[in-house]
Amino acid sequence: MIVVIYEEEVANAAGVASHAQLGFESHQHIEEVLLPGHPRPDNPVFFTKKFVGHAEYRWQVLKVCLKTGVAPLTYIVTLRRRPQSRKDFYLKNILSTRKEKVRRVIHPWTLVEVEFGHSLSVGKASGSIKGNKRYADTVQLFSMPKRRLAIVMQVIERDQEDLLQVVPISSKHPGVTERASVEVTSALTTLTHYRKRSWAVCRMIQPVTASRIIAPMVQIGPRHQTRDKGFRLKVRGAVREAIKDALMFGVAANSRVTELAAEKKRADELCEQVTDLQDKLEFYEKLMAQSGLTLEGEQVDETAAAS
């Protein structure tokens, strides 16, 4: 048996932390259980779980560990309560309330927040915690993670679920040779939670469902913040043009490299053929000059030619 206990860390007025159990899961005849991934100072992890008596769905993960010296095998997941995004901030609910199609609300180049999710870890019956690479149906390590800003490239309306093709935005500095990332910091100045230098990662363009889209938080004046449920904030000007160029490179880079290699091969073959023809022409010109023949194959009268 494997038991997973979820607990909430709460700090009192003096800053002393205590822990209260939120719930537990008991797994019979199961050798591995999925757990939240390990958080790091530069990479917070969030986890979705609904507990009885608590309105929250989204919790911040503080720690995932094995509880030693107890039976059955028990993992402890320590969570912290965080402010929740209201339902009416999600695109699906915005569309339902307005009774409008997604194309009426979201347009290309609009800035949105996207819930990409977090990679998970695996708690084994041996007590070790490993990666979830064998659980290919879950979010994997190195996939685009967490809730982040993105730029809408295309809106795809469908009967069951609308899709939006987006370019995610990251605060991770791209490498010096990375040509498919564009700095977009200047386009984010009115957003509340995205004040770091940021880049559009054009190689990671992908479709997401409308249910993952959240209206971004914008700053209105020095003290007031609100969610932009009208989705009015867009990428414009020089940044937009730079992203277009990066998208052309990022999407077509691999096929273009193949095309260029094929073109070079054809060009090299043509150069060889031209060189060969030039050598043959030079040979035939010398031969004709020695034989006294014209290009039409007639004999030249040297006496007449001399006169």
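Predicted model: local features only at pLDDT ≥ 70, side-chain atom pairs only at ≥ 80, totals over all residues.
His 29 is found in the loop between β2 (17-27) and β3 (32-36).

**Backbone details**

- Most residues other than glycine have a negative phi, and most peptide bonds are trans.
- His 29 has a phi near 55 degrees, which is a positive value in a residue other than glycine.
- Trp 109 also has a positive phi, near 80 degrees, and is not a glycine either.
- You can find Trp 109 in the loop between α2 (102-105) and β7 (111-115).
- Trp 109 has a relative accessibility of 11%, so this residue counts as buried.
- The peptide bond that runs from Ala 71 to Pro 72 is cis, its omega being near 0 degrees.
- Pro 72 has its place in the loop between β5 and β6 (73-81).

**Aromatic rings**

- A pair of aromatic rings is described by the distance of the centres and the angle of the planes.
- The model has three aromatic pairs.
- In the pair of Tyr 6 and Phe 51, the ring centres are 5.6 Å apart and the planes stand at 55 degrees, so this pair is tilted.
- Together with Phe 47, the residues Tyr 6, Phe 51 and Trp 59 form one aromatic cluster.

**Charged groups over rings**

- Lys 50 lies over the face of Tyr 57, and the distance to the ring centre is 5.8 Å.
- Arg 58 lies over the face of Phe 46, at 4.1 Å from the ring centre.

**The second largest pocket**

- The second largest pocket holds about 310 Å³ of space.
- Its lining includes Tyr 57 and Arg 58, along with Thr 48, Ala 55, Pro 83, Gln 84 and Ser 85.
- Also among the lining residues are Arg 86, Lys 87, Tyr 90, Glu 115 and Arg 147.
- By type, the lining residues of this second largest pocket divide into four nonpolar, three polar and five charged.
- Arg 86 can be found in the loop between β6 and α1 (91-98).
- With a relative accessible area of 48%, Arg 86 is partly exposed.
- Arg 86 and Ile 214 are 128 residues apart along the chain, and 9.6 Å separates their C-alpha atoms.

**The largest nonpolar core**

- This core has 23 residues, and those with the most contacts inside it are Leu 111, Ile 151, Leu 188 and Ile 243.
- Two or more residues of this core come from each of the elements β10 (147-156), β11 (163-170) and α3 (237-291).
- Helix α3 gives the largest share of this core, four residues.

- Leu 247 lies in helix α3.
- Leu 247 is buried, with a relative accessible area of 14%.
- Between the C-alpha atoms of Leu 247 and Ala 200 the separation is 9.9 Å, although the two are 47 residues apart along the chain.
- Pro 216 lies in the loop between β15 (213-214) and β16 (217-220).
- Pro 216 is buried, and its relative accessible area is 0%.
- Pro 216 and Thr 226 are ten residues apart in sequence, with a C-alpha to C-alpha distance of 8.3 Å in space.

Notes: Residues numbered from 1 in each chain as written. Heavy atoms only, no water. Phe/Tyr/Trp six-rings, centres within 6.5 Å; stacked < 30°, edge-to-face > 60°. Lys NZ or Arg CZ within 6 Å of the ring centre and 35° of its normal. 1 Å grid on protein atoms, 1.4 Å probe; cavity = no way out; pocket = protein on both sides within 12 Å on 5 of 7 lines; lining within 4 Å. Points joined across faces, edges and corners; volume = space filled by probe spheres on them. Nonpolar A, V, L, I, M, F, W, Y, C, P; charged D, E, K, R; others polar. Core = buried A, V, L, I, M, F, W, Y, C linked by side-chain atoms within 4.5 Å. Buried < 20%, exposed > 50% of the residue type's maximum accessible area, 1.4 Å probe, protein only.
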